[in-house]
2 protein chains.
Amino acid sequence: MNYSKQRETILDTLREYTVHPSAEQLYEKVHSKDKTISKGTLYRNLNQLAASGIIKKIDGLDTSAHFDHNTHEHYHFICNRCKKIYDIEKEDVKIPEIKQKDEFIITNHDIIFKGICKECRKKNLD
Amino acid sequence: MNYSKQRETILDTLREYTVHPSAEQLYEKVHSKDKTISKGTLYRNLNQLAASGIIKKIDGLDTSAHFDHNTHEHYHFICNRCKKIYDIEKEDVKIPEIKQKDEFIITNHDIIFKGICKECRKKNLD
DNA sequence: ACCAAAATTAGTAATAATTCCTAATTTTTA
DNA sequence: TAAAAATTAGGAATTATTACTAATTTTGGT
C-alpha cells in the first residue's frame, strides 16, 4: 500500500473515535477536515485498511458496516433501543470453543450481543 | 397477523431450505410458484414473520440479510471462499457467558464463525 | 351470508449503502 | 527525473431495502 494523504486523514479520524462509526458517520468528520475527500476514496480506503488488518470491519450491527480502529480481539453489544454500540472485553466472556469435527477451519469469529443498555433501562423506569 | 395466501407461500418456501437464503434468493423460488408475489410483499412478510419470532433474520453474513426457518438456537459458519452458510449446533459450542456487571440486559446473541469449509479446503489441495 | 373496518396486496418510486468507472494526479522506483 | 504503479475525485451504476398508494382480501360482528 502506497502512502496517501487521504488515507492518513481517514485513519487518523477513525482513531479519534471510541465507538465504531459507520462509513457515513466517518465521512461527515473526514469531510469537515478535508472537503475534497470523496466517498469512493473513503470506502476504498476503509476496505483496504480492513483487508490488511490495520482496522476492523464489523457487520451485522445495523444496516451498514461499522469500522473499528481497535484491532485487539473483543466483542460487541448493541442496544435494541438506542442502537448504541458498546465494547465487550474478551476477558469478560467465556470464549466459545467449537468441536470442529474436521469440517471447518475457523480463522475467526464475531459475537454480537443484543439487548437493552443501562441507560435505556433507566429511562423506562421513570 | 391476518392470514394471507402470499405469506403462506413465502413461509412454505423458506421451510424448503436447509440453508439460509437471502431475500433475493428466496424471491426467485417464491416467484416461480406465484408470479404475482411482489418483492415488497416478500420483504414485508419476512420482516413481520421475523418480528413475531416465527422465523429468524440473520445479519452480518454478507451484504444482505438471510432468513432461517429454524428457530431453535444455533450459530453459523460462513466460508470465506464459497460464501456458503453452514449451521453450527449449539451443542457443539461452549456457550459464551458474560459477566454482565449490571451494564446490559442481554436478551440474545449471535455468533458467526468464519473460515474455510471442508470442500474449499479440498479443492485447494488438488 | 353481509358489511364495514382492518389488514394485506402488487407494483412502482424512493432511499440507503456501497461499488464501479475514468481520466487526472500523486507516489514510488531505480 | 522519467516511467510505472497506485491513488484520487466525482459521478454513474448497482444492490438491498423501504415507502407509497389505490385496489383487494380477510375478519368479526350482526
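Reader: Where does A:Lys114 lie in chain A?

Author: In this predicted model, A:Lys114 is part of strand 5, which covers residues 104-117 of chain A.

Reader: Why is A:Lys114 called buried?

Author: Good one to start with! Its relative accessible area is 15%, and buried means under 20%, so A:Lys114 counts as buried.

Reader: Which residues is A:Lys114 in contact with, leaving aside its neighbours within four places in sequence?

Author: Some belong to its own chain, including A:Gly60, A:Phe77, A:Ile78 and A:Asn80. Others belong to chain B, among them B:Ile105, B:Thr107 and B:Asp110.

Reader: What does strand 5 of chain A give to the side that touches chain B?

Author: The contact takes 34 residues from chain A and 34 residues from chain B. The area buried between the two chains is about 3300 Å², with 56% of that from carbon and sulfur atoms. Strand 4 (85-89), strand 5 and helix 4 (118-125) of chain A each supply at least two residues to this side. Strand 5 gives the most, with 14 residues.

Reader: What makes B:Cys117 and B:Cys120 buried or exposed?

Author: The relative accessible area is 1% for B:Cys117 and 7% for B:Cys120. Buried means under 20%, so both cysteines are buried.

Terms used. Residues numbered from 1 in each chain as written. Chains lettered and ligands numbered in written order. Predicted model: local features only at pLDDT ≥ 70, side-chain atom pairs only at ≥ 80, totals over all residues. Heavy atoms only, no water. Buried < 20%, exposed > 50% of the residue type's maximum accessible area, 1.4 Å probe, protein only. Helix = DSSP H or I, 4+ residues; strand = E, 2+ residues; numbered from the N terminus. Contact = heavy atoms within 4.5 Å. Buried area = accessible area lost by both parts, 1.4 Å probe.
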